[in-house]
Amino acid sequence: METLITDLNTDQSTDARLKALLAELTLEEKVRLLTGRDFWTTWPLEKIGLRRMLFSDGPTGVRGEVWDEREPSMNFPSAAAISSSWDPAIADRLGAASAVEARRKGVDVVLGPTINLHRSPLGGRHFEAFSEDPVLTAELAAAYVTGVQRNGVGATPKHYIANDSETDRFTVDVKVADRPLRELYLLAFEKAIVESKAWLVMSAYNSINGTTATENGLLETPLNDEWGFDGVVISDWTAVRSLDSANASQDLAMPGPDGPWGEALVVAVKSGQVPEAAIDRKVFRILQLAARVGALEGFDAVAAEPVDREDPIAFAREASAAGTVLVKNDGVLPLAVSSLGKASATKVAVMGHNARYARTQGGGSATVVPEKIVTPLDGIREAFGADNVSYSVGAVVQEGIAELPLEQLTNPATGTPGVRVRFLDSNGNELFAEDRRSTALVWFGGDAPIAASSLVQFHTIFTPDETGPVRLGFSTVGHGRIFVDGVLARETTIEATGTDLGAAFLAPPSASVEVQATAGVPLEVRIELDTADRASALSNALAITIGVEADDADPDSLIDDAVEAARAAEVAVVVVGTNSRVESEGYDRTSLDLPGLQDRLVHAVAAANPRTIVIVNSGSPVLLPWRNEVAAILIGYFGGQEFGHALTDILTGATEPGGRLPTTWPATQDDVPVINVTPAADGTLTYDEGIHVGYRAWLKTGTEPAYEFGYGLGYTDWTLDNADAPAQAAPGAVVPLTVTLANTGTRAGKNVVQVYAEKPGSAVDRPVRWLVASTPVWAGSGETVTITLDVPTRLLAYWDNGWTYEPGDYTLRIGTSVTELPLETTLTLAGISEEGVA
């Protein structure tokens with residue numbers, strides 16, 4: 001972990017050599033380098049030894065150049081799960097593992113981490129970001145960046161800045177005052193730039209205070225001139241919309257090859273509208289990035305091969321458990337396998353749609369295709385024995401089409417499991433064909449001639465495993481037909497909903513038709529999709545899911561079956577969660593309720609079995625109206641491909657539930673103090689809460705949530721015994737704070753020590769308290785440990801045209817959540833000028 005990284009920017013000979021290469025380029029060549037070559041890559045330039053650079057989405061998995069189940073990726077836990085570990089070492093290891101994945105797929109730059117804050121729990125991309133707190137976010141993001149770049153791959157903190165919700169994300173103008181902008185939203189990015197030296201930053205779609213992000217002065221100040229950023233500002237895809245962004249500190253417009261720069265930018269430079277010096281600075285940074293990742297001949301990459309590797313599957317399992325939060329336990333957990341008795345009757349009743357069809361990741365551009373997913377049901381059957389575990393769906397969660405299981409498909413062209421996909425021209429001639437092993441298919445890049453095709457045909461033999469009616473169909477945007485056993489069963493046009501291209505593409509509506517199925521009797525299924533008249537923005541990309549809609553015709557019987565199973569079992573495990581229509585890129589939530597009848601299911605099961613354990617499989621807060629009725633609650637988030645193993649490690653006590661909440665979980669939606677994500681009629685979204693976001697807002701209103709920021713339980717007991725810090729400190733100093741704590745329980749365990757500052761009687765608006773330091777702690781049974789946390793006094797300052805230090809006493813409160821703070825000490829800031837600016 002301590003590998004030394006040489007910063008190329010400190011090597012003057014490297015600078016000189018890069019400038020010499022830059023001097024060899026014509027204006028046209030330089031401008032060409034500033035727009036992508038295609039959807040994922042940059043332009044090569046043979047005359048200076050520059051190869052293409054490949055970018056890939058990758059906050060919690062690296063997809064690579066194609067979205068293809070035949071080239072699977074690791075699916076790590078979502079950022080919300082990683083942040084629940086409160087452990088920068090886990091984030092660092094995630095970064096390093098992501099870089100290993102990137103190099104395996106030929107990727108030079110990972111488009112992550114996502115550093116936007118959990119401003120509102122309705123935010124659709126909540127799962128992909130770390131926390132509601134900027135300090136915790138900054139610590140974890142910086143660690144992730146360090147891990148990625150140590151292994152020679154570029155990291156891309158995103159989306160700069162104030163892109164904290166999805167509604168109208170392309171056009172929304174976020175109105176945010178200087179104090180919250182600096183103290184919250186920019187602070188979350190700062191450490192990844194200043195300390196971890198990120199090689200890229202991604203500019204966002206939205207505007208900030210009237211100017212779109214790709215043209216905004218915030219790209220220069222504070223990013224470049226205060227923080228010393230020397231990397232590439234890459235745009236979010238299609239976020240560069242005009243030549244004006246070329247005069248800003250926006251370096252690279254993606255995707256390509258078209259865009260607003262190109263020849264128009266050449267003309268603008270020649271006419272003096274854009275200085276050539278601005279072009280040179282952008283190109284220099286792109287060449288420097290190429291040198292760092294090994295894409296430029298004659299320059300040594302930071303790491304030609306990853307220097308830090310570990311078993312990615314074992315890490316995914318460990319990270320998921322480390323981020324799983326136990327928020328309630330009346331003593332039922334951990335379950336000892338031997339305690340479940342020897343009776344032949346079912347011992348563990350598992351229920352819930354998400355138990356069998358778990359969500360291991362959120363929807364949108366961050367999606368990857370893992371080779372294998374271990375669901376909660378898989379893990380529980382493995383741990384307790386399949387004969388001791390029953391399963392009931394209980395309540396339908398799925399909305400729209402779910403892909404068909406591979407084991408029930410036969411490719412008619414090969415006889416192997418899968419689907420035959422053919423791309424045809426207007427005369428019915430085959431342009432291209434491929435054999436796929438999934439019916440959830442996405443094409444971004446690759447060899448498929450989507451734009452040249454008039455028709456795409458999907459052909460498989462589907463063998464149902466149950467008898468009865470099924471609703472067979474597809475989800476996409478466009479005009480298509482469903483054929484069953486050679487007969488046209490339905491023809492329809494599916495229109496996109498809303499204006500967000502990403503949502504329309506990755507989470508489209510569906511169409512289906514009822515088909516009578518007989519278990520074991522094959523059905524020939526053929527789907528045809530017309531592609532000749534598709535929108536230009538989607539002309540070379542395609543997404544479709546072919547499958548079945550859920551059967552929710554008799555919801556009462558589903559709950560009755562689950563209750564009967566719960567009564568017959570010694571333990572009931574209910575897995576509740578969201579679906580891809582609830583949490584995804586491209587749209588925000590409208591409700592914090594669990595979809596479907598899941599709440600009704602839990603009420604009923606808890607009434608039938610007092611030993612009911614609920615596992616929450618969502619990427620962000622949901623309401624838990626039954627929380628006082630059940631024996632235990634585990635928040636597992638989107639736990640990655642090893643989700644099921646991690647959960648059973650915790651259920652059986654093999655592993656400590658290591659998580660603490662990085663975001664407040666409300667009791668009711670009406671209680672949430674900051675919730676609005678919908679722009680006003682004029683397109684503005686005003687952050688009128690100022691600096692009071694997340695737990696700060698909850699403390700200000702005095703409303704008690706279901707579970708507060710920083711909260712979480714383990715399997716052992718702790719006491720916090722003593723805290724000590726210097727009595728005085730100067731502005732800008734880092735104060736060492738020592739804390740002594742003891743594990744007084746019967747087993748080893750983990751705790752998270754959290755330090756909050758308060759400023760009684762402040763002359764300016766302050767939060768009731770705010771996080772200034774934290775660290776995870778491990779100790780054996782009966783062990784006492786003393787730790788030291790660094791408290792930067794910069795975090796005591798407020799922004800007023802500069803960082804301003806208010807003199808006097810600050811209370812540092814130490815504990816295990818934002819409200820559980822048994823220790824305190826006083827720190828006095830001294831040596832401050834009358835103006836308060838150090």
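This is a predicted model: local features need pLDDT of at least 70, side-chain atom pairs count only at pLDDT 80 or more; totals for chains, interfaces and linings use all residues.
Salt bridges come first. Searching the whole structure turns up 45 of them. Take Arg182 and Glu226: their closest N and O atoms sit 2.8 Å apart. Arg182 belongs to helix α6 (residues 178–194) and Glu226 to the loop between β7 (211–212) and β8 (232–235), so this pair ties together parts that are 44 residues apart in sequence.

Another pair, Arg600 with Asp556, has its closest N and O atoms 2.4 Å apart. Here the bridge runs between helices, with Arg600 in α14 (residues 598–608) and Asp556 in α13, so again parts that are 44 residues apart in sequence are tied together. Arg600 is partly exposed at 40% relative accessibility, and Asp556 is partly exposed too, at 38%.

Then there is Arg769, bridged to Glu758 with a closest N–O separation of 2.7 Å. Glu758 is part of strand β31 and Arg769 lies in the loop between β31 (749–758) and β32 (770–779), so the parts being tied together are 11 residues apart in sequence. Both Arg769 and Glu758 are buried. Salt bridges with shared partners also link Arg125, Glu128, Lys158, Glu166, Arg169 and Glu585 into one network.

Lys158 turns up again in the backbone: a cis peptide bond, with omega about -5°, joins Lys158 to His159. His159 sits in the loop between β3 (154–155) and β4 (173–175). Gly112 and Pro113 are likewise joined by a cis peptide bond, with omega about 15°, and Pro113 is in the loop between β2 (109–111) and α5 (134–150).

Positive phi values show up at two non-glycine residues. Trp86 has phi of about 55° and lies in the loop between α3 (79–84) and α4 (88–104); at 1% relative accessibility, Trp86 is buried. Tyr637, with phi near 55°, is in the loop between β26 (632–635) and α15 (643–651), and is buried as well, at 3%.

Helix α7 (residues 262–270) has Leu265, Val266, Ala268 and Val269 buried. These residues cover an arc of only 165° around the axis, which puts them on the same side of α7. Glu263 and Lys270, on the other side of α7, are exposed.

Finally, the surface carries a negative patch whose members include Glu407, Asp465, Asp551 and Asp560. Of these, Asp560 lies in helix α13 (residues 555–568).

Technical notes: Residues are numbered from 1 along each chain as its sequence is written. Side-chain values use heavy atoms; hydrogens and water are left out. Patches are made of residues with over 30% relative accessible area and no salt bridge: like charges are joined within 9 Å, nonpolar side chains (Val, Leu, Ile, Met, Phe, Trp, Tyr) within 5 Å. Accessible areas come from the Shrake-Rupley method with a 1.4 Å probe; for residues, only the protein chains shown count as cover. A salt bridge is a side-chain nitrogen of Lys or Arg within 4 Å of a carboxyl oxygen of Asp or Glu. Lys and Arg count as positive and Asp and Glu as negative; His and the chain ends are not counted. The place of a charge is taken as NZ of Lys, CZ of Arg, CG of Asp or CD of Glu. Helices (H or I, at least four residues) and strands (E, at least two) are DSSP runs, numbered from the N terminus. Buried means under 20% relative accessible area, exposed over 50%, partly exposed in between (1.4 Å probe, protein chains only). The arc is that of the directions from the helix axis to the C-beta atoms.
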